[in-house]
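Hi everyone, thanks for coming. Please have a look at the sequence and the structure on the screen, and then we'll walk through them together.

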Amino acid sequence: MEGLKNIREDAVEYQLRKILPTMPGVCSCEKCRLDMASFALNRLSPQYVRTDAGALYQKLNNSSQQAEVEVLKTVIDAIDTISAHPKHDA
Ligand SMILES: [Zn+2]
């Protein structure tokens, strides 16, 4: 929706970028990254913010350490699951 953004998308993408390079055995192609991101985002509750001037403040205000740990755990789950069954050959 115009004017709204799910900031979980940024959080999941950030964690994937951080974790995948540390796991050389895991395929990090575009397809697998998108599968991992959708797997994680479907399991996390969305967190929508307005994308206008107030959004950054809201984002900072809402991102608790507990939320970060939840995202991290879910992203690791996603990496484990998708890398065990990549949707492409080799
Ligand atoms: Zn792949």
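Let's start with a question: which residues in helix 2 meet which residues in helix 4? On the helix 2 side they are Cys32, Asp35, Met36, Phe39, Ala40 and Arg43, and in helix 4 they are Thr74, Val75, Ala78, Ile79, Thr81 and Ile82. These residues divide into eight nonpolar, two polar and two charged. Here Ala, Val, Leu, Ile, Met, Phe, Trp, Tyr, Cys and Pro count as nonpolar, Asp, Glu, Lys and Arg as charged, and the others, Gly among them, as polar. Being in contact means that two C-beta atoms, placed from the backbone, lie within 7 Å.

Now, a word about what we are looking at. This is a predicted model, where local features need pLDDT of at least 70, side-chain atom pairs count only at pLDDT 80 or more, and totals for chains, interfaces and linings use all residues. Residues are numbered from 1 along each chain as its sequence is written.

pLDDT is the predictor's confidence in each residue, from 0 to 100. The protein averages 89, and 87% of the residues score at least 70. Helix 2, residues 30-43, has the highest mean among the elements, 97, while helix 3, residues 55-62, has the lowest, 58.

Zooming out, there are four helices and two strands, in the order β-α-α-β-α-α along the sequence. Both are DSSP runs numbered from the N terminus: helices are H or I with at least four residues, strands E with at least two.
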